[in-house]
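Q: Please take me through this structure one feature at a time, giving the general idea before the particular case.

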Amino acid sequence: MTSYLGVQVSDPTLQNQFTQVELRGLKSKFTAVKNEKGKVTVGDLPSLLVTLKAFASTFKEEEVAGLLAQSFPDSTADIDFEGFLRVYLNLQGQAHAKAGHSKTSSSFLKASVTTLLHTISHSERGLYVAHINSYLGDDPFLKQFLPLDPATNDLFDLAKDGVLLCKLINVAVPGTIDERTINCKKVLNLWERNENHTLCLNSAKAIGCTVVNIGAQDLVEARPHLLLGLISQIIKIQLLADLNLKKTPQLIELVEDNSDVEELMSLAPEKLLLKWMNFHIGKAGYEKRVTNFSSDLKDGRAYAYLLNVLAPEHCNPDTLDASTALERATLVLDHAEKMGCKRYLKPTDIVEGSSNLNLAFVAQIFHRRSGLSTDGKKYAFAEMMTDDVQTSREERCFRLWINSLGAAYCNNVFDDVRNGWVLLEVLDKIKPGSVNWKHATKPPIKMPFRKVENCNQVIQIGMQLKFSLVNVAGNDIVQGNKKLILAFLWQLMRYSMLQLLKNLRSHSQGKEVTDADILHWVNKKNRSMGRPSRIENFKDKSISNGRFFLELLSSVEPRVVNWNLVTKGESEDEKRLNATYIISVARKLGCSIFLLPEDIMEVNQKMILTLAASIMYWSLQKAVEEGESLSPAPSSCNTCHATPDASPAPSVCVCGEDESSSITGDVSSLTIDDAASDTAVSSSHLDKEEITSAGGE
């Protein structure tokens, strides 16, 4: 089975603006209007674009033609598919500005880095540079290079080594990267740079950034639109980190009664920030409702009301009476500066309706002075609303994994999967062609039975993939059964991992990779390198000190572990140091993982399995790449007795012996005790009660 590529475009950032479902649909429409020469001209686009759902109710054909003429004077000029996608995004931005709202909750990246002319906002670049200067100015290593000048290429030059991006990720989500793993030298070689950027990209995925089709080399070369796109996502995550009830339980004041708390918890951080803003300006008497961070804020009036409520001591009566929006915006920024907000944007940025800059400004105001109460019955109630720790950690892991696929975007797994669409997109990404899109309904979905139909198809596909789903129906997902959702997602994630491993064994004659194979491989790998440690299963308590996985990482790549930094793992603090180091070393190596140090310390068997599988995948993939230039292997592997294949394409032995010595061998079935992997969900049939129990382990 070959890896799934789908519809690909050469610009990774452009690719990231669309799901594969959208790309397939747009590609089909674009292809349909090709002329007899197989070409599409600019003049063909207006009639095509107005038939698309996104523009049908917004523009007339002549309006589209007029807009295109501004950038393409020659209507007979040919346009390729990428050009068409940029036209689509540009028109979409104008359509939503015209309608007065943003496309999606993730428009922070989309609106800034991909436009018709592929330009980058200098104001936003200035914001990012000011943010970096402010938060990293005292960093022991980076302070020798800071402050950066936004008018020069300082940012791009400094970012090439990867240290800046790694440090910025730790500012956004402290503790994500063990800084002992960052290569910090004034002059780095190419290998060290690549290590830093690999660590950066895998860590960025682990905090919620979308980095599909961005490689370490793109960052080494400091491609401006990719680099600024990634920086914007990292900064956004930092700015919105406290916009949830767990971090800021005072937000419960935004709802009138406890019955609305569940809805509040499911809101995306951007939506919650808007709700907070409307809460305050509504109390101040502002009659309009702010629905976006662009057109609704252009006149500055909403800002004036908000700041007058939060910091009345600095109130300027001239603000609301200002004769122009630009004058009002200037007074607003003066007011904000007096209450401690740094001046990251200019009055023209407010007037022009820069979505990213306005979002950053409102978030800064929230952090400086939220205006919410800090006590009372509601506050106490909010503290009791948080999920149990295990459920919360698993939700986080699956959410970040889903977002890393580039198929769909999740803000909250338990809320976002209930209509079935996100799960269908993930299934289509993992098992291309498995979804019947003709029988699927895309959000927004008003009719409840359509959600059930989507979820029923999810369950049906799961059964085809041999998931344990006896007595489980689509309605269980629609109703938001958390443990069933977690159990399904675990099986989906596990299936994806095992398929990746299976695909590396292209001559395994259809034999599936099992959890037992992974366990056998990690033990054999350590033993083959002369390391004595082994584990009985993926819930072996000895894993908690971290030394087994550090030995495994050292076995697959001797240079990657600095044993001077490894502790004995006897105390809780020593275990945490080792666990944190394991995660960063694995990411630096190239493993895409989403577990936390606590998962290693507490030996969460599901998360331990994902770690082991990721290391195994990296090692075998490396062996395949290196094996392409190796001479033919021996007739069989001495350990697993794999037999040779006539095909010249490489295959990989999973027995744990040196991969280069068995690169053309097939993999025989391994007879290992099933107790090797006591995973929560196996391919055997479980009923709903058993799955629920498994999902909550």
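Q: Which crossing, left-handed or right-handed, does H9 make as it passes H12?
A: A crossing is called left-handed if the near helix is turned anticlockwise from the far one by less than a right angle, and right-handed if it is turned clockwise; by that convention H9 passes H12 in a left-handed crossing. The model is predicted, with local features requiring pLDDT of at least 70 and side-chain atom pairs counting only at pLDDT 80 or more, while totals for chains, interfaces and linings use all residues. Residues are numbered from 1 along each chain as its sequence is written, and side-chain values use heavy atoms, with hydrogens and water left out.

Q: At what angle do H9 and H12 pack, and how far apart are their axes?
A: An axis is a line fitted to C-alpha atoms, for helices over the stretch in contact, and the angle, running from 0 to 180 degrees, is taken between N-to-C directions. For H9 and H12 the angle is about 20 degrees and the axes are 8 Å apart, which makes H9 roughly parallel to H12, given that angles under 35 degrees count as roughly parallel, over 145 as roughly antiparallel, 65 to 115 as roughly perpendicular and the rest as oblique.

Q: How are H20 and H22 oriented to each other?
A: Helix H20 (residues 389-405) and helix H22 (residues 421-430) pack at about 60 degrees with axes 10 Å apart, and they are therefore oblique to each other. H20 passes H22 in a left-handed crossing, and the contact involves Trp401, Ile402 and Leu405 of H20 together with Val422, Val426, Lys429 and Ile430 of H22. By class, the contact of H20 with H22 has six nonpolar residues, no polar residues and one charged residue.

Q: How many helices and strands are in the chain?
A: Helices (H or I, at least four residues) and strands (E, at least two) are DSSP runs, numbered from the N terminus, and the chain has 31 helices and zero strands.

Q: Which residues touch the most other members of the largest nonpolar core?
A: In soluble globular proteins, nonpolar side chains tend to be buried together. A nonpolar core is a set of buried Ala, Val, Leu, Ile, Met, Phe, Trp, Tyr and Cys residues joined through side-chain atoms within 4.5 Å, where buried means under 20% relative accessible area, exposed over 50% and partly exposed in between, with a 1.4 Å probe and protein chains only. Of the 87 residues in the largest core, Leu230, Trp276 and Ile365 touch the most other members, and the largest share, nine residues, comes from helix H12 (residues 224-239). A second, separate core of 86 residues includes Leu595, Ile615, Leu620 and Val624.

Q: Where are the cis peptide bonds that involve Pro147 and Pro444?
A: Most residues other than glycine have a negative phi, and most peptide bonds are trans. The bond from Leu146 to Pro147 is cis, with omega near 5 degrees, and Pro147 lies in the loop between helix H7 (122-136) and helix H8 (154-159). Pro443 and Pro444 are also joined by a cis peptide bond, with omega about 0 degrees, and Pro444 lies in the loop between H22 and helix H23 (448-464).

Q: What is the phi of Ala222, and what is that of Val603?
A: Ala222, although not a glycine, has a positive phi of about 55 degrees, and its place is in the loop between helix H11 (216-220) and H12, where Ala222 is buried at a relative accessible area of 6%. Val603, again not a glycine, has a positive phi of about 55 degrees, sits in the loop between helix H29 (597-601) and helix H30 (605-627), and counts as buried at 7% relative accessibility.

Notes
Contact = heavy atoms within 4.5 Å. Nonpolar A, V, L, I, M, F, W, Y, C, P; charged D, E, K, R; others polar.
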